[in-house]
Amino acid sequence: MIEARHLRVLRAVATTGSFSAAGRELGCTQPAVSQQMKALEASVGTPLLVRSGREMRLTQAGEALVRHAAGILAGLTAAEEEVAAIAGLRAGRVRLVSFPSGSSTLVPTALAALRAAHPGTRVSLEEAEPPESVDRLRAGDCDVALAFRYEDAAGAEEWADLVVRPLLTDRLVALVPERHRLARAESLAIGELARESWIAGCPRCRGQLVEVCEGAGFTPRIDFATDDYPAVAGLVGAGLGVAVLPQLAIESVRPRGARAVTLEPAVRREIVALTLPDLAQVPAVAATLEHLARAAAR
């Protein structure tokens with residue numbers, strides 16, 4: 001295997017014409033230069049220099065290797081500079097996947113702060129709900145996944161292989177039409193909505209809704225289902241049913257014609273940022289996690 005340090009010595013010898021001059025240029029001794037040249041010739045399996053008294057010249061193989069050495073060493077220098085830039089957050093790329101209500105609330109604040117602090121770091125954003133977003137992280141299709149899970153839900157070990165950065169606890173609230181009999185209530189139990197028409201959200205949220213309602217002794221009659229939170233709010237505002245939405249979603253859609261009412265007992269979901277253990281050591285990824293945490297704390 002050809003080592004970069006040996007190529008640097010060969011190029012210095014070819015430029016200066018002697019081991020001693022190459023040693024002075026490289027800041028090492030003449031014997032050290034000679035030793036490294038012997039190691040390089042052993043690596044390639046052929047002589048690279050012809051020595052004649054005080055003079056030396058390159059063999060055909062030596063000329064070929066010197067010719068390639070310039071490009072190889074230039075490429076290594078460029079690679080070292082790029083890696084140093086990434087390590088120093090002067091450059092870098094992070095692929096972020098987030099669920100929609102996180103994209104419209106936490107992500108903008110976090111990415112604006114990240115860009116201000118590290119303008120060389122670029123972040124791309126795509127949307128996906130868990131578990132799809134978590135699957136994409138494990139498959140290598142993203143670097144950070146903003147995800148959630150409901151309290152007391154089964155499968156708490158589902159993220160055991162990932163680095164989990166807790167961000168906040170998001171409480172679910174009931175969303176009812178403004179003229180609904182419970183619209184002015186300070187809080188309500190989900191069982192009070194047992195006879196209502198329901199508008200459900202994403203598949204995971206839909207499953208949680210059914211589970212909570214069945215825990216309260218009824219099965220919700222779901223007339224509409226959509227992954228789009230503004231559509232849920234619009235349907236409720238039009239008087240077509242009631243819904244249960246996360247507080248983050250309420251903040252992001254500002255529903256018209258509908259009112260949010262606190263649910264008792266509380267139903268919560270945990271919002272987290274996930275990454276792989278190796279990726280957590282990458283400076284740009286670590287900075288993204290930190291700014292997401294700061295955005296959640298505001």
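In this predicted model, Arg269 and Asp170 form a salt bridge in which the closest N and O atoms are 3.0 Å apart. The pair links distant parts of the chain, with Arg269 in strand S12 (residues 268-275) and Asp170 in strand S6, 99 residues apart. Both Arg269 and Asp170 are buried. Glu129 sits in the loop between strand S4 (121-127) and helix H6 (132-138), and beyond its neighbours in sequence it touches Phe99, Pro100, Phe148 and Cys202.

The salt bridges number 14. One of them joins Arg204 to Glu158, at 3.1 Å from N to O. Arg204 belongs to helix H7 (residues 203-215) and Glu158 to the loop between strand S5 (144-150) and S6, so this pair ties together parts that are 46 residues apart in sequence. Arg204 is partly exposed, at 24% relative accessibility, and so is Glu158, at 27%. Asp223 and Arg221 meet in another salt bridge, at 3.5 Å from N to O; here Asp223 is partly exposed at 38% and Arg221 at 46%. Salt bridges also link Arg165, Glu290 and Arg294 in a network.

Turning to strand pairing, S6 (residues 163-177) runs antiparallel to S11 (residues 258-263), and five bridges join the two. Val176 has Arg259 as its bridge partner in S11. Strand S7 (residues 187-188) instead runs parallel to S11, joined by two bridges, and Ser187 is partnered there with Thr262.

Notes. Residues are numbered from 1 along each chain as its sequence is written. This is a predicted model: local features need pLDDT of at least 70, side-chain atom pairs count only at pLDDT 80 or more; totals for chains, interfaces and linings use all residues. Side-chain values use heavy atoms; hydrogens and water are left out. Helices (H or I, at least four residues) and strands (E, at least two) are DSSP runs, numbered from the N terminus. Contact means heavy atoms within 4.5 Å. Two strands pair if DSSP finds at least two bridges between them. A salt bridge is a side-chain nitrogen of Lys or Arg within 4 Å of a carboxyl oxygen of Asp or Glu. Buried means under 20% relative accessible area, exposed over 50%, partly exposed in between (1.4 Å probe, protein chains only). Lists of a residue's contacts leave out its neighbours within four places in sequence.
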